[in-house]
Amino acid sequence: MIRMILRFILFIIFSFKLPWLKEFSFFTLSNAKEMKEIKILMREPDIPSKLDIEKWKINYESLINNYFIEKYLGDYDDVTIIIDYYSLPQVVSNSNSEYLKTTQFILYAIENILYDILIFDESFIFNDVSLIQSYNLSLYHEYQQFSSKFLLDLSEYFDKKLLEFHDPKLLSYGYLGKKLYALPYEIDYDLLYYRKENKNIQSIIKQMEMIDWNKLMTLMKEQKPDALPFQMSLATSEDLLNFFLEYTSNYHYLDKSYNKKYYKIFYNKNNNNEDSSDVLTSFRNFITKSCSGKEELNDVLFTSQDDIFIHFQNNETIFFKGKASYHSILENYSYTLPPKNITSLYTKYIAINRYSKVNVETLIEVLEELTSKQFQNIKSEYFGNIPTFDISKRRFDMIIRGYCEKQRIICDHIKNMKPIYIRDIFKNGVTPPFFEILLFIPDSIRTYLVKGDPTLPITYLKNTFEVISSDMGIYGILSITFIYMISFGFIILMGFVKKYKHHPYLNVILPRYCILIIIGCVYNMIKNLLLLPPYTDLSIKFYYVVDSLIFNVINFSFFIIIYHIYHIYKSKSFLTENFGHKDLCKIFTAMNIIIFIYKYIIVRTNEFYFLSYQNISNHRIVSWNFNDKNIYDCVDKIYYNIIVS
């Protein structure tokens with residue numbers, strides 16, 4: 001009986017679809033947790049084959065997801081973080097298409113919103129940005145500048161005080177202007193690994209801070225003449241360029257605090273009368289010696305890190321040059337900083353895809369946690385990653401102090417090493433975007449190492465640090481001298497016009513307007529000097545505004561003078577009181593004010609920048625541009641044609 005009643009009730013409910021049931025169903029569905037995926041793209045770890053890299057990836061992703069679940073006690077049960085990896089392929093020829101293809105892949109992934117969060121190497125973050133932009137970037141991929149277009153501005157989401165635990169220099173590299181686009185994620189640097197049981201090597205280790213690379217090579221040969229003296233992987237463009245700078249820094253200060261034109265060592269003679277070819281020859285000799293006659297130089301340049309590590313495992317070489325983050329997996333080996341404690345610093349940055357469909361607040365929380373002191377400490381414990389901590393704060397910060405107590409040697413390295421900031425070396429006010437540098441220079445060095453002709457790297461390095469107007473030699477001096485002499489002559493002429501302004505012959509052609517025309521002519525002679533180094537945004541903005549005003553000054557002054565002569569001719573009188581000069585002057589002033597306001601608005605609402613239409617394989621000629629310049633130029637041409645006609 002009871003079953004019959006229940007069946008009847010259910011029949012009524014489902015037959016008539018009662019409204020309250022709909023509401024209940026809606027309530028139930030709307031409160032069901034929808035699983036969200038946050039996709040992260042990062043570079044595959046650069047670790048020897050000793051470690052199972054697939055297992056490493058699974059453990060790394062699990063660590064991040066478990067960290068959020070445990071910390072937020074279920075608030076992130078509906079969020080899954082998925083990490084995909086890209087690899088930086090080793091170079092297989094002297095044509096560096098691998099770096100280009102990787103950059104294009106990363107840009108494609110960002111543009112098509114395949115990933116919400118991106119963890120970049122320093123070789124990719126802001127590699128499109130420089131004071132002098134490169135037109136060639138738009139030839140390799142669609143955008144001339146893409147960092148600020150596709151990355152989310154984090155400035156409004158992060159309090160600067162809460163980021164002070166990061167190394168301030170590393171944090172500053174995450175800014176474009178005053179806007180924060182990326183946060184430091186982790187760092188790495190070079191170490192030399194060696195066997196603990198090798199007691200004879202201790203004498204070399206004690207001298208490491210004072211000796212250079214060539215001295216190290218000599219000492220290693222003395223220790224083990226039959227072994228490969230030294231090998232390293234130069235199979236990626238980044239590794240080759242970094243080691244070239246490490247080696248050169250052993251003998252020359254690549255720092256503007258010591259020498260403002262330090263970069264000329266790469267292509268000019270220095271104070272010691274060393275030619276740039278000597279720097280390159282010394283580097284090539286060192287790389288050649290590392291072959292020890294057992295392998296061809298061409299093979300060494302394309303040898304992978306895994307192959308180098310196998311040589312080291314087989315006791316064929318004394319040292320293995322690897323990253324500091326390897327120390328957690330190479331536990332059976334000791335390690336030391338490279339010669340003179342000089343090492344390249346490798347930094348990874350984390351950023352958010354501006355067009356991600358995931359809620360921004362959620363992404364910001366994830367970013368904040370992944371860069372937090374706590375999570376960096378956990379990564380260090382499980383995977384050996386090196387945090388971006390400001391070690392100088394270890395006395396006052398418990399977490400940083402705790403890390404340094406556990407990783408005393410790493411903290412001592414960070415304190416004592418002399419890091420090479422590669423982006424600072426390739427930054428002197430006229431250098432192109434880093435993308436172009438890494439695309440061309442390593443190839444030129446690799447070609448030189450194989451063929452022995454230094455012409456190509458010298459040319460590329462010179463065109464990197466100089467533009468065609470950087471050093472024009474005697475022609476530049478003569479040109480500028482001639483311009484100033486003519487300008488000085490015009491200034492003298494203005495003095496005579498002012499002195500004899502009441503002379504009847506001069507009074508006819510209105511001396512004050514003649515002076516304005518002369519000023520305009522002088523400006524037109526010297527204005528191109530504003531487009532010579534040093535380059536600043538202010539100089540091209542000033543050029544753009546004043547150039548338009550000077551055009552008006554010259555043309556309106558001519559118009560008023562001609563109008564004045566016309567009235568003299570028509571009235572047969574030299575009296576000028578009633579010729580309407582004041583009205584014309586008011587119109588002239590009003591037009592200049594309007595033009596100034598119009599140009600000022602353009603300057604304030606557009607991004608002005610310098611632009612080179614050549615890459616570093618040629619002499620770079622610098623021009624300037626701004627957003628929508630073609631549109632505004634059309635408006636200007638119409639206005640100029642009206643005025644002139």
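Trainee: A polar contact is a pair of N or O atoms within 3.5 Å; within protein, one must be able to donate a hydrogen and the other to accept it, and residues adjacent in sequence count only if both atoms are side-chain atoms. Which backbone nitrogen does the side chain of Asp 159 reach?

Mentor: The side chain of Asp 159 reaches the backbone nitrogen of Lys 161, at 3.1 Å. Please note that this is a predicted model, in which local features need pLDDT of at least 70 and side-chain atom pairs count only at pLDDT 80 or more, while totals for chains, interfaces and linings use all residues. Residues are numbered from 1 along each chain as its sequence is written, and side-chain values use heavy atoms, with hydrogens and water left out.

Trainee: Where is Asp 159 placed?

Mentor: Asp 159 is in the loop between α6 (147-150) and α7 (168-172). Helices (H or I, at least four residues) and strands (E, at least two) are DSSP runs, numbered from the N terminus.

Trainee: Is Asp 159 buried, exposed or partly exposed?

Mentor: Asp 159 has a relative accessibility of 43%, so it counts as partly exposed (buried is under 20% relative accessible area, exposed over 50%, partly exposed in between, with a 1.4 Å probe and protein chains only).

Trainee: Let us turn to Lys 321. Which strand holds Lys 321?

Mentor: Lys 321 lies in strand β8, which covers residues 320-323.

Trainee: And is Lys 321 buried or exposed?

Mentor: Lys 321 counts as buried, because its relative accessibility is 10%.

Trainee: Which side chain forms a polar contact with that of Lys 321?

Mentor: The side chain of Asp 190 does, at 3.2 Å.

Trainee: What else is in contact with Lys 321?

Mentor: Leaving aside neighbours within four places in sequence, Lys 321 is in contact (heavy atoms within 4.5 Å) with residues including Leu 191, Leu 192, Trp 213, Phe 230 and Phe 243. Glu 246 and Gln 305 are also among them.

Trainee: Now the open sheet. In what order do its three strands come?

Mentor: The order is β4-β12-β13, and the pairing is mixed. Two strands pair if DSSP finds at least two bridges between them.

Trainee: Which are the edge strands?

Mentor: They are β4 (132-134) and β13 (622-626), each of which pairs on one side only.

Trainee: How many bridges join β12 to β13?

Mentor: Five bridges do, and β12 (residues 608-612) runs antiparallel to β13.

Trainee: Which residue of β13 is the bridge partner of Leu 611?

Mentor: Ser 623 of β13 is the bridge partner of Leu 611.
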